[in-house]
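Trainee: I'd like to learn how to read this structure, one feature at a time. Can we start with how exposure is judged?

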Amino acid sequence: MKRYLLLTIAVVAAACSGGDALSLEDPWARPSPTGATTAAFFMTIDNPTDTDETLVSAATDACRVTELHLSAMVDGVMSMQRQENGIPVPASETVTLAPGGLHIMCIDRIADFAEGEELDITLEFVDANGDSHTEELTAVVEDR
Ligand SMILES: [Cu+2]
């Protein structure tokens, strides 16, 4: 819990520093039922810069494979589509990864994804200039 508070403070501080970095807010994951092999991570990505960014990959020790997905209704059926070109986070925009929409899919999970667990995840972004950078964050498993 203490770690979560510190993370929240750090994120707020980054958001207030104004305009020169991505801020990753409220990273969380849903608890997985026993026996489930998949899970998903969610968060809000704010890009206050004037450079387009793209989330191109995610990695975590909690899962053997992670993919970037979009859930969408197709012909009345909810399905998930892998985002082969990543998830765009345009300049001056905020993109929210949330249940029923964009998410980081955990395939073949290793961690329990039990409520209250904290899972480290690393995101890789590439900006419009082709420069890549990584962001480390800790997602809290919560039943929302
Ligand atoms: Cu998915």
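Mentor: A residue is buried if 20 or more other C-beta atoms lie within 10 Å of its own, exposed if 12 or fewer, and partly exposed in between, with C-beta atoms placed from the backbone. Take Asp26: it is partly exposed because 17 other C-beta atoms lie within 10 Å. Bear in mind that this is a predicted model, where local features need pLDDT of at least 70, side-chain atom pairs count only at pLDDT 80 or more, and totals for chains, interfaces and linings use all residues. Residues are numbered from 1 along each chain as its sequence is written.

Trainee: And what are the helices and strands in the protein?

Mentor: Helices (H or I, at least four residues) and strands (E, at least two) are DSSP runs, numbered from the N terminus. Here you get 1 helix and 10 strands, in the order α-β-β-β-β-β-β-β-β-β-β along the sequence.

Trainee: Which residues have the most contacts inside the largest nonpolar core?

Mentor: General idea first: in soluble globular proteins, nonpolar side chains tend to be buried together. A nonpolar core is a set of buried Ala, Val, Leu, Ile, Met, Phe, Trp, Tyr and Cys residues joined through C-beta atoms within 7 Å. The largest one here has 27 residues, and those with the most contacts inside it are Ala29, Ala40, Phe41, Ile104, Cys106 and Ile121. Elements giving two or more residues to this core include β1 (23-29), β8 (102-109) and β10 (132-141), while β2 gives the most, with 6 residues. Across the protein, buried residues make up 24% of the 144 residues.

Trainee: What does Cys106 contact, away from its neighbours in sequence?

Mentor: Two residues are in contact if their C-beta atoms, placed from the backbone, lie within 7 Å. Leaving aside neighbours within four places, Cys106 is in contact with Thr38, Ala39, Ala40, Phe41, Ala62, Cys63 and Thr66. For the protein as a whole, residues 24 or more positions apart account for 66% of the contacts with a separation of 6 or more.

Trainee: How do β3 and β9 pair?

Mentor: Two strands pair if DSSP finds at least two bridges between them. β3 and β9 are antiparallel over 6 bridges. Look at Thr54, which lies in β3: its bridge partner in β9 is Val126. Thr54 also touches Gly86, Ile87, Pro88, Val89 and Phe125, not counting residues up to four places away in sequence. The C-alpha atoms of Thr54 and Val89 are separated by 5.4 Å, although 35 residues apart along the chain. Thr54 counts as partly exposed because it has 18 C-beta neighbours inside 10 Å.

Trainee: How many residues lie between β9 and β10 in their hairpin?

Mentor: There are 4, and Gly130 in the turn has a positive phi of about 90°. β9 and β10 pair in the antiparallel sense over 9 bridges, with Leu123 opposite Glu135 in β10.

Trainee: Is Glu84 buried or exposed?

Mentor: Glu84 is exposed, because 7 other C-beta atoms lie within 10 Å. You'll find Glu84 in the loop between β5 (77-82) and β6 (87-89).
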